[in-house]
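Reader: I'm new to this. Could you show me how to read a helix and its charged side chains?

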Amino acid sequence: MSSLRFDIIEVPSGKLLGTMNIRVTQRTSLAARDSRTWKHTIGLYPTSASGAARGVIASLKLNCGKSAKTKCTVTSAPGAKGLLVKKETSFPFALKSPGSKTLKHKETPVVTLKAAVGSPATGSLAQAATVRCDSVKGITTKAGGCVHPGYVPVFAMSRTDKNVKEAAQHVWDAQRKLKGHPGLPGVGKPLHRTTDKALIKKNRGKACPSSLPRPTGKSCDEYPFASTKEGGATGVFSRRMINEKHNSTAGGSKYLLKAYKDNRILNGDAFWVAIS
């Protein structure tokens, strides 16, 4: 939330003819996970107005990117609207990211205010939160999707979940034992995904080498996950022989891989691991 002030000044006397103070809100709403579209709504809420500043007309536009290849497209935009004191006027925009490349968009709203007297005033508002859109293979199933990269998502498991309880217990213990408490929300630092196959192999080879004996029905579970930059190759890791099914399920399409897809966690992206 931000604010702006619109003064109407008589020229050449410099006399103040009126003032409007406006509270500005911006809300971004992302579309379904497989759509490179989103909505950006700007709200103008005049908290006070005096003199000639009563009855101001506002119009807005969004600047989003510098070139045709990286610029998002405004597919729907509102027209000019009158502002009333103590009432929010909404200006909804629909936007789309071009092509299929991974792109970051940071829209800059530009507002124009016009009163019954004087010339219109135009200025930029605070930039909106960054939106990142991608069509990365393995994440998307259709045209791609968008996220707020400033938000660090959370991968959650429960120690009472019969499908992964041994894996969840291992992570719980490891987060509290390991130096730096990797991935533990509010205590340690987040993990970062890696899609580097060589690094993933190196992580697994360090934490769970094939030379380690696996008891019947057990497999070697490691934390931090092999698919993170903080994995076994760093030398800071925990390993435990756990139920083989719990291990494979925890790292599979209904748990960790699902979290990667649902949150569009790309190579290098941060995420937390929360165990209940």
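This is a predicted model: local features need pLDDT of at least 70, side-chain atom pairs count only at pLDDT 80 or more; totals for chains, interfaces and linings use all residues.

Reader: Which residues of α1 are buried?

Author: Start with the general idea: an α-helix has 3.6 residues a turn, so residues three or four places apart point the same way. In α1, the buried residues are A167, A168, H170, V171, A174 and Q175. They cover an arc of only 160° around the axis, which puts them on the same side of α1.

Reader: What covers the buried residues of α1?

Author: The cover includes strands β13, β15, β16 and β17, along with helix α3.

Reader: Now for the charges. How many salt bridges does the structure hold?

Author: In general, side chains of opposite charge can pair when their charged atoms come close. Here there are 8 salt bridges. One of them joins R240 to D173, with the closest N and O atoms 3.0 Å apart. This pair links distant parts of the chain, since R240 is in strand β16 and D173 in helix α1, 67 residues apart.

Reader: Are R132 and D269 buried or exposed?

Author: Both are buried, and they form a salt bridge at 2.8 Å between the closest N and O atoms.

Reader: Where do K258 and D262 lie?

Author: Both sit in helix α4, 4 residues apart, about one turn of the helix.

Terms used:
Residues are numbered from 1 along each chain as its sequence is written. Side-chain values use heavy atoms; hydrogens and water are left out. Buried means under 20% relative accessible area, exposed over 50%, partly exposed in between (1.4 Å probe, protein chains only). Helices (H or I, at least four residues) and strands (E, at least two) are DSSP runs, numbered from the N terminus. The arc is that of the directions from the helix axis to the C-beta atoms. Contact means heavy atoms within 4.5 Å. A salt bridge is a side-chain nitrogen of Lys or Arg within 4 Å of a carboxyl oxygen of Asp or Glu.
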